[in-house]
Amino acid sequence: MPPGLTLEECLRELHVVGPDNRVWRGWSAVARLARLFPWTWLVGAIGAVPPFSWIAHFLYRWVARNRYSLSRCRGGACRSSRPETTRAKASFISFWSCRLFGFLMRFPLMIFAWMRRMTHQVRDYWRVRGRRFDLLDDRLSMCFLSGWRCDLVPLLFGEQFVMHVYDGVAIDPGSLVMRRSLKRHLAAMQLPIHAVTATHHHEEHVGNLRWLAQHLEVPLYLTRDTFDIVSKPIRLPFARRLIIGATEPVPKDVIIIDDEVRTRDGVLQVIPTSGHCDDHVSFYDPERRVLLAGDAFMGSYFVTPNPDVNANQWVETLRRLIDMPIDILVEGHGHIHTLRDDIDVDNALVIRQAPRDVLAAKLEFFEWIRDQLAAGRDEGLSPRMIEATCFPWGQRWNWEQYLGDTLIRAMSLGHFSRREVVRSFTRSADASEMLPTLYSMTIHGE
Ligand SMILES: [Zn+2]
């Protein structure tokens with residue numbers, strides 16, 4: 001280090017030292033460096049001349065003074081080597097002004113990404129609307145359910161409503177507003193259904209359970225936890241009831257399942273997959289390595305969940321699923337993840353990714369958010385600032401999905417929102433694992 005320079009000074013602003021030990025500091029150092037390269041020479045030359053140099057000096061000092069809070073909010077994942085300095089220097093105004101600047105910079109990109117996504121969703125909706133796709137030698141049928149109100153969901157957000165029929169077992173037969181399309185599927189179905197069941201208690205999965213079992217005169221199988229919820233009337237928030245549809249309580253003669261459901265010529269194992277909600281289960285065919293995941297997997301970057309998500313439980317569920325041999329992962333809302341080329345129904349449905357990889361990506365994403373929460377807490381940030389660091393503009397998934405997520409939040413009157421992802425880490429069945437509560441909880445639906 002040249003004489004007269006201290007480490008403290010070097011950490012505060014950029015220093016450039018010439019061969020003759022001449023030192024340039026701050027903006028002068030930036031301009032000096034810029035003049036060394038053809039692409040940036042002009043910036044360096046203009047930036048060295050007043051009044052541009054005065055403005056640049058002022059801006060440089062402001063950024064240098066606030067760089068701890070700026071860098072944290074820009075990258076979200078940035079960590080300072082001196083957390084105590086970060087805490088002392090993180091200023092509310094610089095944090096939010098940087099955040100606003102990042103938002104404005106990416107706003108044109110956000111609009112473009114949203115329009116592109118909408119185009120794909122409208123195309124996919126028309127490809128699958130009301131159709132049935134038979135796979136695995138007719139062992140698996142995907143019956144796409146529709147209704148004039150609930151069709152807003154696939155059109156605006158890309159989540160389809162699907163009843164799966166696996167070797168004679170009907171799973172998740174939709175809500176009341178989808179009943180007409182369910183009847184059309186039943187009329188066209190070639191193979192008989194001998195049992196009805198559901199992965200969890202959400203309305204688009206259980207609304208038609210009672211009707212379907214009685215209509216077909218077949219038994220209804222449910223886990224104890226799901227039965228306890230759906231044997232009573234479920235009060236839904238207004239927006240959910242209006243758009244996705246209501247449910248009917250199931251009768252008492254339900255058969256409670258523990259570990260398997262018999263199919264026509266085999267079994268589906270019942271895999272507890274809580275996290276999306278407490279009573280969630282998935283169904284697994286060990287012979288063909290097919291997982292009917294339900295809502296235990298809804299994309300790796302799904303950030304506007306229902307308010308009953310428990311992210312800590314979901315992390316445990318994902319760890320278990322990653323260890324299972326799965327060749328075909330069937331989501332509850334219309335997509336299939338597989339590398340098997342005999343599964344080739346429609347580009348709108350099949351995503352050519354290994355199930356293990358997409359599950360691992362989701363786990364990594366959850367763990368990343370958990371790290372952000374812990375780091376923000378250590379740095380003494382406010383809950384709003386911590387939430388912002390979980391959605392940094394530097395992450396592509398964030399700005400790509402921002403407008404769609406904002407629309408979901410507005411249409412559901414705040415029920416499905418990004419804040420739920422953050423809140424979901426403060427819930428835990430096991431109190432010893434619980435993170436300290438950062439957010440006040442709102443009780444929905446009552
Ligand atoms: Zn659900």
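A helix axis here is a line fitted to the C-alpha atoms over the stretch in contact, and the angle between two axes runs from 0 to 180 degrees between their N-to-C directions. Keep that in mind for the first stop, and remember that this is a predicted model.

**Stop 1: two crossing helices**

Select residues 26-34, which form helix H2, together with residues 52-65, which form helix H4. Their axes come within 8 Å and cross at roughly 115°. Angles of 65 to 115 degrees count as roughly perpendicular, and H2 and H4 are therefore roughly perpendicular to each other. The crossing is right-handed. Now show the side chains at the contact: H2 brings Gly-26, Trp-27 and Val-30, while H4 brings Ser-53, Ala-56, His-57, Tyr-60 and Arg-61.

**Stop 2: a sheet from E3 to E9**

Next, look for an open sheet of seven strands, in the order E3-E4-E5-E6-E7-E8-E9, with mixed pairing. Its edge strands are E3 (132-135) and E9 (255-257), and each of them pairs on one side only. From one strand to the next, the twist averages 25°. Zoom in on E5 (residues 161-166), which pairs with E6 in the antiparallel sense over three bridges. Colour His-164 and you will find Ile-171 of E6 opposite.

**Stop 3**

Select residues 209-216 to see H11 by itself, then highlight Leu-209, Leu-212 and Ala-213, which are buried. Look down the axis of H11: the buried residues fall within an arc of 95°, so they line one face of the helix. Their cover includes strands E6 (169-171), E7 (195-197) and E8 (220-223), as well as helices H10 (203-206) and H12 (224-230).

**Stop 4: a sheet from E10 to E16**

For the last stop, find the open sheet of seven strands with the order E10-E11-E12-E13-E14-E15-E16 and mixed pairing. Which strands stand at the edges? They are E10 (260-262) and E16 (350-351); each has a single partner strand, so one side of each is left without a neighbour in the sheet. In general, strands of a sheet pair through backbone hydrogen bonds, either parallel or antiparallel. To see an antiparallel pair, select E11 (residues 267-272) and E12 (residues 281-285), which are joined over four bridges. End on Pro-272, whose bridge partner in E12 is Val-281.

Note on methods
Residues numbered from 1 in each chain as written. Predicted model: local features only at pLDDT ≥ 70, side-chain atom pairs only at ≥ 80, totals over all residues. Pairing = 2+ DSSP bridges. Buried ≥ 20, exposed ≤ 12 C-beta atoms within 10 Å, placed from the backbone. Arc of directions from axis to C-beta. Contact = placed C-beta atoms within 7 Å. Parallel < 35°, antiparallel > 145°, perpendicular 65-115°, else oblique. Left-handed = near helix turned anticlockwise from the far one by under 90°.
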